[in-house]
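The sequence and the structure are shown here for reference.

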Amino acid sequence: MSKVLEIRNLTHTYSGNSTTKRDAVSNITFSVDGGEILGIIGHTGSGKSTLVQHLNGLLKPTKGTVLFEEKDIWLEPKKIRHIRSKVGLVFQYPEYQLFEETVYMDIAYGPKNMGLSGDELRVRVEEICKLLGIDEDYFEKSPFDLSGGEKRRVAIAGVMAMRPKVLILDEPIAGLDPKGRADVIKMIESYNKAYNATVIIISHNMEDMAVLADKLIVMNKGALAMFGKTDEVFLKADLLRQIGLNVPIVTRVMAALKKKGIDVPDNIFTVDDAVKCLCSIKKGGGKDA
Amino acid sequence: MDSIIELKNVTFEYDDNDIKNTVISNFNLEIERGSFTVILGHNGSGKSTLAKLFNGLNKPSAGEVFVDGISTLDEDNEIEIKRRVGMVFQNPDNQLIASVVEEDVAFGPENLGLRPDVIRQRVDEALKAVEMYEFRTAAPHHLSGGQKQRVAIAGIIAMKPECIVLDEPTAMLDPKGRAEIVSTLHKLNKENGITVVLITHFMEEAEKADRVIVMNDGKIITDDIPKIVFSNVKKLKSVGLDVPQTTELLYSLKNNGFDIKTDVISIEEAADEIYNALHLEEK
């Protein structure tokens, strides 16, 4: 797998006078491969949103470099807009940014700005809606008549319709009910699989991250505290708790079982894995081995 | 029941381009004084409409809402009602107005026309109750999300309310912030006797509540203690809700042939159940 995005020694200092000047993110280095799902977790104010806004050139690093397909995105500052159709960013609460008269027009807005028109544009919108399960009956509706969860899905579809190679989502499931959360997660998985796209997700939901993410970045006070495979990161429960995070609930249940003397492995992070593990212990006669 | 809030045959509808939308109709509910109630329901199930009826932000189209016996339709008592039932919303940044924490908390009591020394005392007490006293001179924008939300709660506490209604107060918080809010609410409920009504999408926040109400299509479909509500996994999933991950695990194990109870929620209890089920096998 080749690196799609590479971040080297990125620092962003918010300007101000000598007392208010501070590093929002400092000396961050990581890379993400094609087709990978990368999760970013961290307490509020840890620099997660500031970090991802550098990945499509919305913010310019104070120090360090951002490379997209091995090329510095700021090499030609006048062409920075091109990067935004290749690295798509879905902001927090994207449904507040819906503004067109119809759902179709809202989803078509991004690809239209990229220069698509006529049949090409129509096919592009229809294709993404088909993939995401947005029915054509919705096309002529006003986005403002949709439920909160539906609005969120339309707003995300609008960014996906530009078919970015890297899709970044800043807390895409915050404020949704469980059904809405499941719908959005399914959308993200579909997009990742259909186009072998790289996905970067900021989330506070450890349970969902355990299921979705191949790798995790843990941010703490503007610095990169951990970067590794999801399993490896969740093994460090104590460190996560120290910085205000936690491991999935099911992992905590398994830890409590271990304390009671049942010999369960430490690397159980999803309900499915826990059930498999406990069933095999039960078949073994309930022995503690 | 000694109820702090009572809804009697309440209907709430709003006009949308001359089309009447009925959110709830002929609705009856009592919230017991001193209780801790969690309201669950998918987006659009009528939870927030209900919350705003509790302190007169929404007025019923038919029927009546009583707060401490006072009807919310009685405009002369609007201030009395808002003082008795305080509301906290999702986004802490939209609720804090002053540039210093203690000034923000003082805003409500100042509007009640209290004496400065009484205001001072109330602000200090409120900040101590939410464990934010040491941040009293900080600027709100320097606080974490959970801390800001606790300041918003202190602003309500300083009004000495009978009841606090919170509409998804943890939706934008990290896990630590969420835990801080939930434990603050339980403390206020136990130690200060404040009635708490918490609307949330996080099932595990309902674990220690006295009562869980599940809303769907403007109606109450379940109203019971948490254990019983969450043991009905199928019913909750059918209305777009989930169960805490502990319940999910126990339920899956049961489907895989474990002789196990599914009506526990806490991590410790879940581990106990699994431990016992594994040891029963041995015998």
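## Burial and overall form of chain B

In this predicted model, 52% of the 283 residues in chain B are buried. The C-alpha trace of chain B spans about 70 × 50 × 35 Å along its principal axes, and its radius of gyration is 21 Å, which agrees with the value near 19 Å that a compact globule of 283 residues would have.

The secondary structure of chain B consists of 10 helices and 10 strands. When the contacts in chain B between residues at least 6 apart in sequence are considered, 63% of them join residues at least 24 apart.

## Helices α5 and α6 of chain A

Two packed helices are described by the angle between their axes and the distance between the axes. In chain A, the axes of helix α5 (residues 148–160) and helix α6 (residues 178–195) come within 10 Å and cross at roughly 15 degrees; because angles under 35 degrees count as roughly parallel, α5(A) is roughly parallel to α6(A). The crossing of these two helices, α5(A) and α6(A), is right-handed.

On the side of α5(A), the contact is made by A:Gly149, A:Arg152, A:Arg153, A:Ile156 and A:Met160, while α6(A) contributes A:Gly180, A:Asp183, A:Val184, A:Met187 and A:Tyr191. Divided by class, the residues of this contact between α5(A) and α6(A) are five nonpolar, two polar and three charged.

## Helices α3 and α4 of chain A

The axes of helix α3 (residues 103–113) of chain A and helix α4 (residues 118–132) of chain A also come within 10 Å, and they cross at roughly 120 degrees, with α3(A) passing α4(A) in a right-handed crossing.

From α3(A), the residues that make the contact are A:Tyr104, A:Ile107, A:Ala108, A:Pro111 and A:Lys112, and from α4(A) they are A:Leu121, A:Arg124, A:Val125, A:Ile128 and A:Cys129. The contact of α3(A) with α4(A) has eight nonpolar and two charged residues, with no polar residues.

## The contact between chains A and B

The contact between the chains takes 38 residues from chain B and 37 residues from chain A. On the side of chain B that touches chain A, at least two residues each are supplied by α6 (175–192), α9 (245–255) and α10 (267–282) of chain B, and α10(B) gives the most, with 10 residues.

By class, the side of chain B that touches chain A comprises 15 nonpolar, 14 polar and nine charged residues.

Definitions and conventions
Residues are numbered from 1 along each chain as its sequence is written. Chains are lettered from A and ligands numbered from 1 in the order in which they are written. This is a predicted model: local features need pLDDT of at least 70, side-chain atom pairs count only at pLDDT 80 or more; totals for chains, interfaces and linings use all residues. Axes are lines fitted to C-alpha atoms, for helices over the stretch in contact, and angles run from 0 to 180 degrees between N-to-C directions. Helices (H or I, at least four residues) and strands (E, at least two) are DSSP runs, numbered from the N terminus. Angles under 35 degrees count as roughly parallel, over 145 as roughly antiparallel, 65 to 115 as roughly perpendicular and the rest as oblique. A crossing is left-handed if the near helix is turned anticlockwise from the far one by less than a right angle, and right-handed if clockwise. Two residues are in contact if their C-beta atoms, placed from the backbone, lie within 7 Å. Ala, Val, Leu, Ile, Met, Phe, Trp, Tyr, Cys and Pro count as nonpolar, Asp, Glu, Lys and Arg as charged, and the others, Gly among them, as polar. The radius of gyration is taken over C-alpha atoms; the globule rule is 2.2 Å times the number of residues to the power 0.38. A residue is buried if 20 or more other C-beta atoms lie within 10 Å of its own, exposed if 12 or fewer, and partly exposed in between; C-beta atoms are placed from the backbone.
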